[in-house]
Amino acid sequence: MARGLQRAAGFALGAVTAAAVATATYAVAIERRAFGLRFEELPILPAGSRPIAVLHLADIHMAPWQRNKVEWLQGLRDLEPDFVINTGDSLDHRDGMRALAEALAPFAGIPGAFVHGSHDYYASKFKNPLRYLGAPKFGPHMHGPKHDTPMLERVYASYGWADLNNSAADFTIRDTTVQVLGTNDAHIELADLEATAREQQRLTERPDVTLGITHAPYRDVLDGLASLGADALFAGHTHGGQVRVPGGPALVTNCDLPVEHADGLTTWHTGGREVPLEVSAGIGTSVLAPFRLGTPPEAVLLTLTARG
C-alpha cells in the first residue's frame, strides 16, 4: 500500500512538473511572439464626420535581435491608419534604437502623437517580481542604464509625430479637428497635468473631439485628463497583467488601475462622466521578463465614428 501511494505521488508530481514546464515554454517561446490585432469602434465624433482610424501602439520594448517584431510592426502600415498614438515604452535594450526606427519608418508622414514610458528613459533592470503585486512606482534605485531619449524624440519627429509629454496639440484629420492631451509617465512621477492644461489653453481651435493619452493609467491621471475634456483615454503599461489565467481577469496592473480595466476598451467613471478607456495589452515585454500567459501581444486599430 505504501509503495503504491509513493508511486502515485511520484506520478502526480511528475505530471505537475511537466505541466509547469510546458506552460513556461508556451509563455516564453510561443505566446509572447503571437502578435495580433484588436479592432474596436468608438462613436464619439460629431454627426456627419467621416471615420478616423487610429492605430494604438504600446509597450513595444524593442531589443536589437527582435527581427520578427520589426517585420510585424512594419506590416501594420497596410492597415492605412489616419493617425498613430504611441503610449510609450517603445525601447527596452540600450541598443534597440536602430531596430525601433526601422520598425516604425513605414509610418513616416502619417500624423501621430507620442508620450513616453519609463523604459524610454531607462533600460530594464531586474526587480523583485513581488513588487508587482502592489502598485509600485519607481525610485532612483530601480532605474537601469539611461537611454538616449532625445534621439528617440528626433526619430519620432522625423515621422511627423507630436511630442505630447505634458502637452497638447490640435490635428485636422479627415476634416475633423482632433485635440490630443498627453502626460509624461506617472509611473516615474513625471506626469504634470497642470502643464498639460497650460498647453491646452494656448490652443486656438475649438476641437470636434478630444483624446487623452498617457503611458501608465494611474487613476489621478485618467481623472485629470477627463477633467480637461477628454472624450476618450488611451494608455498602455499594464501588459494586460502579463500573466493571467487564460480567460480570467488580470492579477495586477502594475499601477493603481483596477484589474477590470487592465486591457481592452472599457468605461472609466469620473466626475459624473463615463469616458471610454482604451488600454492596450502591449506589443512586447521587458527583456528581463520575456513571457506572456493569457494576454498575447497586440496592436489596436480603433475607428472613431460619428455619434448616432
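**Close-up views of a predicted model**

Of the 308 residues in the chain, 53% are buried (under 20% relative accessible area, with exposed over 50% and partly exposed in between, using a 1.4 Å probe and protein chains only). This is a predicted model, in which local features need pLDDT of at least 70 and side-chain atom pairs count only at pLDDT 80 or more, while totals for chains, interfaces and linings use all residues. Residues are numbered from 1 along each chain as its sequence is written, and side-chain values use heavy atoms, with hydrogens and water left out.

View 1. Helices (H or I, at least four residues) and strands (E, at least two) are DSSP runs, numbered from the N terminus. Among contacts with a separation of 6 or more, 75% join residues 24 or more positions apart; contact means heavy atoms within 4.5 Å.

**View 2. Helix 3 (residues 97-104) meets helix 4 (residues 149-159).** Their axes come within 11 Å and cross at roughly 15° (axes are lines fitted to C-alpha atoms, for helices over the stretch in contact, and angles run from 0 to 180 degrees between N-to-C directions). The two helices are therefore roughly parallel to each other, a term for angles under 35 degrees. On the helix 3 side, the contact is made by Met 97, Leu 100, Ala 101 and Leu 104; on the helix 4 side, by Met 151, Leu 152, Val 155, Tyr 156 and Tyr 159.

**View 3. The largest nonpolar core has 28 residues.** A nonpolar core is a set of buried Ala, Val, Leu, Ile, Met, Phe, Trp, Tyr and Cys residues joined through side-chain atoms within 4.5 Å. Leu 57, Leu 73 and Leu 104 have the most contacts inside this core. Two or more residues each come from strand 2 (52-57), helix 2 (67-75), helix 3, helix 4 and strand 12 (298-306). Helix 3 gives the most, with 5 residues. Not counting residues up to four places away in sequence, Leu 73 touches Leu 57, Ile 60, Met 62, Ala 103, Phe 107 and Ile 283.

**View 4. Pro 217 lies in the loop between strand 8 (209-213) and helix 6 (219-227).** Pro 217 is buried, with a relative accessible area of 0%. Leaving out residues up to four places away in sequence, Pro 217 touches Leu 222, Ala 235, Gly 236, His 237, Thr 238, Cys 255, Asp 256 and Leu 257. Pro 217 and Asn 254 are 37 residues apart along the chain, and their C-alpha atoms are separated by 9.5 Å.

Conventions. Parallel < 35°, antiparallel > 145°, perpendicular 65-115°, else oblique.
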